[in-house]
Amino acid sequence: MRKTRIVILHSPNKPPLSTLLVLTMLMASRFSLSRSLHPLLKHSPTKTKTPFYHLTPKHLYKSHSCPLWSSSFSFCLQSLQYRNHKSRTTSLSFSTCSSLSPPMADVSVEANPLLQDFEFPPFDAVKAEHVRPGIRALLKQLESDLEELEKTVEPSWPKLVEPLEKIVDRLTVVWGMINHLKSVKDTSELRSAIEEVQPEKVKFQLRLGQSKPIYTAFKAIQESPEWHSLSEARKRIVESQIKEAVLNGVSLEDDKRDQFNKIEQELEKLSEKFSENVLDATKKFEKLITNKKEIEGLPATALGLAAQTAVSKGHENATAENGPWVITLDAPSFMSVMQHARNRALREEIYRAYITRASSGDLDNTPLIDQILKLRLEKAKLLGYNNYAEVSMATKMATVDKAIQLLEKLRTASWDPAVQDMEDLKAFSKGQGASEANDLSNWDISFWSERLRESKYDINEEELRPYFSLPKVMDGLFNLAKTLFGIDIEPADGLATVWNNDVRFYRVKDSSGSPIAYFYFDPYSRPSEKRGGAWMDEVVARSRVLSHNGVGARLPIAHMVCNQTPPVGDKPSLMTFREVETVFHEFGHALQHMLTKQDEGLVAGIRNVEWDAVELPSQFMENWCYHRDTLMSIAKHYETGESLPEDVYKKLLAARTFRAGSLSLRQIKFASLDLELHTNYVPGGSESIYDVDQRVSKKTQVIPSLPEDRFLCGFSHIFAGGYAAGYYSYKWAEVLSADAFSAFEDAGLDDSKAVKDTGHRFRETILALGGGKPPLEVFIAFRGREPSPEPLLRHNGLLSATASA
């Protein structure tokens, strides 16, 4: 894909059962979604709905992350010993990744797991001490491979694209391994090692992205008589390579190219530091509570989690009933306080701590943001653009003007309903005797929204948890995938090594029983080592060139990472409905990666899909959480096996549009602020980034932000991921995903044959074609027409507001 690895996640328009403040909670989600220095180093979820992952934000494929409201994730084996553990059944031998240079023979290199041949990445074996020697040896080999390619390059597929893909893939896979581990198993030693070799990796990527022999060869292919006989996928590859080379500075004069390269190196460091500061600031905050009255209202699951956290912090005798309890800024803990704590002072304290993360002291991201915006503008000017948003839009479906127009249309449709939402909240809280009813603050919104929702729909989110145990949810999700797309998913634990014992590994098979893909699933929150948010990322992509022994294409492998409530005691992970939606969302990203039929590795799966279209499959999958048969198949009480009562399902369906206007505005605020910072904001001018935030908030928030709000310091999507001048993509893709789901509604959701037929068409277009065809053409191939915003507004209950506006 275009950009780096994606962290892909949650559909921004679905009114969660939780409230607006909870939306902010995933700000720390990091997505390696930024533009890569070389298009082939771009990464997809993480459509990122962050996660991204993971190569660093600017230089590899994207990791798809969720929008900010989502709830969402003793080595030294000798070579022979390690190979003895490899499965014989997969088609993934890493040795095919680079055939241009002879294998590196140094003994220490052979023992390095980053450089060994493997079927699946040796996540359990990679340690911080392997990073420096491993990456340096790899870069040395790839530099030699690149020099050989430049000497022998010809404007043909075998002499240009195939060897180039091998170089890029090798770096993508290996760097992806260590950056993934940094996201899910972070240590200071690993950080330090990555930080040390990162400039060397970026230097190579710049060298590759600015290779004039490669650029000239691609131009020659485009201008050759054979151009018109190329497949559409191959034309897309050539066009993308040319465009990305220009955006990577290949056409700049020497002095300007040197300046460009310095900017890229600095931006890489700044985005990494930004992400680390958010994680460290989140980890740093702990509140020990010994008096149970202070946390009155917290449900049993939250008390159990808080006690479990206390045990991990040294309070060995902590229990859910008697404490002590430790509250953190990690998603499950933060959300439970904001939604359920009756102690208003506690809510205020936790809220203020959250919105000021990474905004002071050694972890202050403010100067980093200023420098990032300054350098992005300088980069845009060097490339001949007016602002960085224009650079971003050069590889997207939208233009700056079209993105702004869509956001304004949705803002207009959402404003009056959001105002009414606030009036309803004031009236309800006043009726409940709340002293703050006439002056609700930001830390009151989630709490009273949850009470109003419980009263209006008689739904208690915590009481629903027993019906959504993780094993049942996954079984139902896999059955849905079988119905819609004709695939079978089975556990394959033990086939691949993992980085934590909670990680599951799955095999995906087609209707003939043949494996077509694999994926890892890391479901639980681990705040001491794992970044917040939820994301999907590629491990390897489908590829003909990198097939094992030339037999079939190499099969794709994905990560799915969430940060949901872990099991407590002998209970399985009992999920909120929002966490269920998050899993469906990430799985949608994974499906596009895994079910691709593109054999050209550079456009397979999520690669080369325009950024503002990549959320289509993920947000599409969320709709099935409200489909009766699907929901009833996963909603089984974990102890009794009882199905979710029918009346509760109907209430869930009715509650789907609860506070939809407010939720929509929140996403529009994030997207509008992002665009404003990357179009009109002048770094170092009279207006600060926080002034811009307050100005945008006046048009997009019914209740104003606090003057001291520093949420920008945790806005990893745009400062440490791939959503810079691209956060609007969530709304853009929501239009596509809602319209795609409406095809199933038109066919008849109760007609099993029609659903299967429509699912097959969805698989053969949206999921199969990858980046080998323009996304608008792919959508039309599925839907039979261009997309319409009407289904999105209808699903959110905002059609009448649009008509009146």
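Modeller: Helices here are DSSP runs of H or I with at least four residues, strands are runs of E with at least two, and both are numbered from the N terminus. The model is a predicted one.

The loop between H16 and helix H17 (461-464) holds Asp458. Asp458 has a phi near 55°, a positive value in a residue that is not glycine. Most residues other than glycine have a negative phi, and most peptide bonds are trans.

H16 itself, residues 442-457, packs with helix H12, residues 344-355: their axes come within 8 Å and cross at roughly 120°. With that angle, H12 is oblique to H16. The crossing in which H12 passes H16 is right-handed. On the H12 side the contact is made by Arg344, Arg347, Glu348, Tyr351 and Arg352, and on the H16 side by Asn442, Trp443, Asp444, Phe447 and Trp448. By class, these residues are 5 charged, 4 nonpolar and 1 polar.

Helix H15 (residues 400-431) packs with helix H23 (residues 660-679) at an angle of about 145°, and their axes are 8 Å apart. Here the crossing is left-handed. H15 contributes residues including Leu407, Leu410, Arg411, Trp415 and Asp421, which meet residues of H23, among them Leu665, Ile668, Ala671 and Leu675. The contact of H15 with H23 has 13 nonpolar, 6 polar and 2 charged residues.

The other loop to look at is the one between H10 and S4, where Pro324 is found. The peptide bond from Gly323 to Pro324 is cis, with omega near -5°.

Both H10 (300-312) and strand S4 (325-328) also supply at least two residues each to the lining of the largest pocket, as do helix H9 (254-284) and helix H11 (331-340). H10 gives the largest share of that lining, 6 residues. Sorted by class, the lining has 10 nonpolar, 9 polar and 6 charged residues.

Key. Residues numbered from 1 in each chain as written. Predicted model: local features only at pLDDT ≥ 70, side-chain atom pairs only at ≥ 80, totals over all residues. Heavy atoms only, no water. Nonpolar A, V, L, I, M, F, W, Y, C, P; charged D, E, K, R; others polar. Axes fitted to C-alpha atoms, helices over the stretch in contact; angles between N-to-C directions. Parallel < 35°, antiparallel > 145°, perpendicular 65-115°, else oblique. Left-handed = near helix turned anticlockwise from the far one by under 90°. Contact = heavy atoms within 4.5 Å.
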